[in-house]
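Hello,

Here is the structure I promised to hand over. Please look through it first; my notes follow below.

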Amino acid sequence: TELFSARRSCTTCPYCGVGCGVAATREMTSAGGEEVVRIQGDEQHPANKGKLCVKGSSLADTLGNHGRLLKPRLHGVDCDWDTALDFAASKLRETIDEHGPDSVAFYLSGQLLTEDYYVANKLMKGFIGTANVDTNSRLCMSSAVAAYKRALGADAVPCNYEDLDEAELVVLIGSNAAWTHPILFQRMQAAKSKLVVVDPRGSATSEMADLHLAITPGSDAALFNGLLHYLAEFGALDQGFIENHTENFTEALYTAAEWTPEKVAEYCSLELEQLLEFYELFRTTEKAISFYSQGVNQSSTGTDKNNSIINCHLATGRIGKPGCGPFSITGQPNAMGGREVGGLANMLAAHMDFTADNVERVGRFWNAANMAKGPGLKAVDLFNAVESGQVKAVWIMATNPAVSMPDARRVAAALKNCPTVIVSDCVADTDTARCADLLLPATTWAEKTGTVTNSERRISRQKGFLPKPGEARHDWEIICDVASRLGFAEAFDYASAADIFREHAALSGFENNREQVRRAFDISALANISDAEYDNFTPVQWPVNAANPQGTARLFSDGDFFTPNGRARFIAVDPQCPKQETRDEYPLVLNSGRLRDQWHTMTRTGRARKLLDHSEAPELHIHPQEARKYGIEDAQLVRVESEKGQFFGRARVTASQKPGQLFAPIHWSDSLAHNATVSALAIPFTDPFSGQPELKQVAVKIEPL
Ligand code: SF4
């Protein structure tokens, strides 16, 4: 058919933290004919250079209004926007007046765009006067943030994707990148670097690795303490770098010294030969990247695990150089953008901590009289506070905590009992939406407009190329409308997402010229961009400021860190076992993660037939020996039970699991299938530094059904 017309928009993929550029073309084959959307990789985007994985390339199949929330809905009945916004504002106002600002909370999402995040954070921390704003990124990478801050002085990812092209060795820890970050995995393969995978279970990634270290779940810190000790023993330390650019090395090495290879091999359940092969590879390979993800972070000791990895890079000076560095990869498309604006309850804005000085300055910048003075409730504490009645009104945006939180069914019950629950979402029926008093229809990918930041600190545009459906509005518009009804109209009078971005950029550089300020996140060079420049935004890596107007590909090349004295800090790590230990009643360890073709709770990917073909129903992966022991056949329905609840899945008998360990994908939920929410089984133990819950290790028992 001859093409009648075509309009091309460059945007970014809404799924993983790789942040691939997407070219979406609306095509019409005849006048008045049906319009189709064609999706391709954006060849100009540096993250993917034209490539897309199966999820990204199926985006066109996920469009359409089926299942969308298209009108506001109050107590189950459609209503108009004025009624909905009046209800939201009056409930928040009543609750604050009666119980104080800490009785309300927002729970945000790495699916939101930076501009949405910015106004939500500003409203809560500047005008309502509480820092009870947290995000589902807490579940994903908050331990990586805490560890970077401890070691490098800021939440600053040192590396970039080109480093993956240059690396000679990539150590993937707790990451099934072949499925979860496929485009980056392809880059590693193209670079022909040696791949070492550290993961308790076999995966598509470990199958393609040169070496797979199937460690005991949760033993990562011992593995890297042992590596630090080995590097010191075999003369692989960069003494000049340690002396000139770091501190606390002696303490870290002293703590690591007890971790001999023999002890590590036993603790991690590895063959000594295998372990030494890894240690030798790391010792002798100049360009080495450690690439890690949720397998490290979703732990009650995730921050320490991160620091044990970073220690090895500092000890060898393998940071700030091409092809080197500790590289934390985010799960979500805008987990990093949320961090930048203060989406985490323990951060203020623009990566600022809650110091009295920062509170005063941000208050002055926002002209806000009611600034939060200290950190708010992190995700697990936030929903505990909903349950206890301390939080009486919660607004949840673009996420599904009734499925994703540990002990998820308890979270759902707490929400059902909460006096006011507001949910903004693009879909009408989710487990969380079922708990809401008020549902607000939000725009989604293909309609939303704003910016996101990917795992290499690269800010890119997400652009709307389809009209808003029904009565849906952008999240930032909804938040500003509520702010206006709360009496803050002047501070939330934005004409566009570009307006918000300019303010966010200006705040990141506000009074940064003072001596004691050493801020990583500074995009002040973008504070005056025009609407046209925002529209045609060239992807750029922060910092973007007067010193680096074209952005910054790699941090710490000069050995100057963001700590007060400019030195990176070694952290002495004492490895700890996971909190959820197996016992007689619950003898097996349940791990969880993503499948290749699905995303989160499948509200988008579940619409594409070809993505469902990979796996259509909740699964439970189990080793043949364990299956025999419990009388479980392949494809048989199995009940998995922890002290918190139960999960039903079809057995997939596979030797990729070790005996004693199970794996279940996270994508299904109780609203999709009976007892299908895997997070419902987890006890909400959290990391003491980051507040990230231990979702990767649940003690369970099983039986065939
Ligand atoms: Fe989207 Fe991630 Fe796939 Fe890229 S790798 S197309 S960002 S899901």
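**Around the ligand**

The shell around the ligand draws on two domains: domain 1 (5-62) and domain 3 (142-333) each give at least three residues. Keep in mind that this is a predicted model.

Which residues come closest to the ligand? They are Cys13, Cys16, Cys20, Cys53 and Gly56, out of 14 residues that surround the ligand. Two elements give two or more residues to this shell: helix H1 (54-57) and helix H7 (182-191). By class, the shell holds 9 nonpolar, 4 polar and 1 charged residues.

**Confidence**

The chain has an average pLDDT of 94. A score of at least 70 is reached by 99% of the residues. For the model, ipTM is 1.00 and pTM is 0.96.

**Helix H18**

Please also look at helix H18, which spans residues 379-388. Is this helix mostly covered or mostly exposed? Mostly covered: 7 of its 10 residues are buried. The buried residues are Ala379, Val380, Asp381, Leu382, Phe383, Ala385 and Val386. Note that Asp381 is among them.

What do the buried residues of H18 pack against? Their partners include three strands: S6 (104-108), S7 (133-135) and S14 (393-397). Helix H19 (401-404) and helix H20 (408-417) are also packed against them.

Gly389 follows H18. The phi of Gly389 is positive, near 95°.

Best wishes

Methods:
Residues are numbered from 1 along each chain as its sequence is written. This is a predicted model: local features need pLDDT of at least 70, side-chain atom pairs count only at pLDDT 80 or more; totals for chains, interfaces and linings use all residues. A residue is near a molecule or strand if its C-beta atom, placed from the backbone, lies within 6 Å of it. Helices (H or I, at least four residues) and strands (E, at least two) are DSSP runs, numbered from the N terminus. Ala, Val, Leu, Ile, Met, Phe, Trp, Tyr, Cys and Pro count as nonpolar, Asp, Glu, Lys and Arg as charged, and the others, Gly among them, as polar. Domain bounds come from an automatic or database domain assignment. pLDDT is the predictor's confidence in each residue, from 0 to 100. A residue is buried if 20 or more other C-beta atoms lie within 10 Å of its own, exposed if 12 or fewer, and partly exposed in between; C-beta atoms are placed from the backbone. Two residues are in contact if their C-beta atoms, placed from the backbone, lie within 7 Å.
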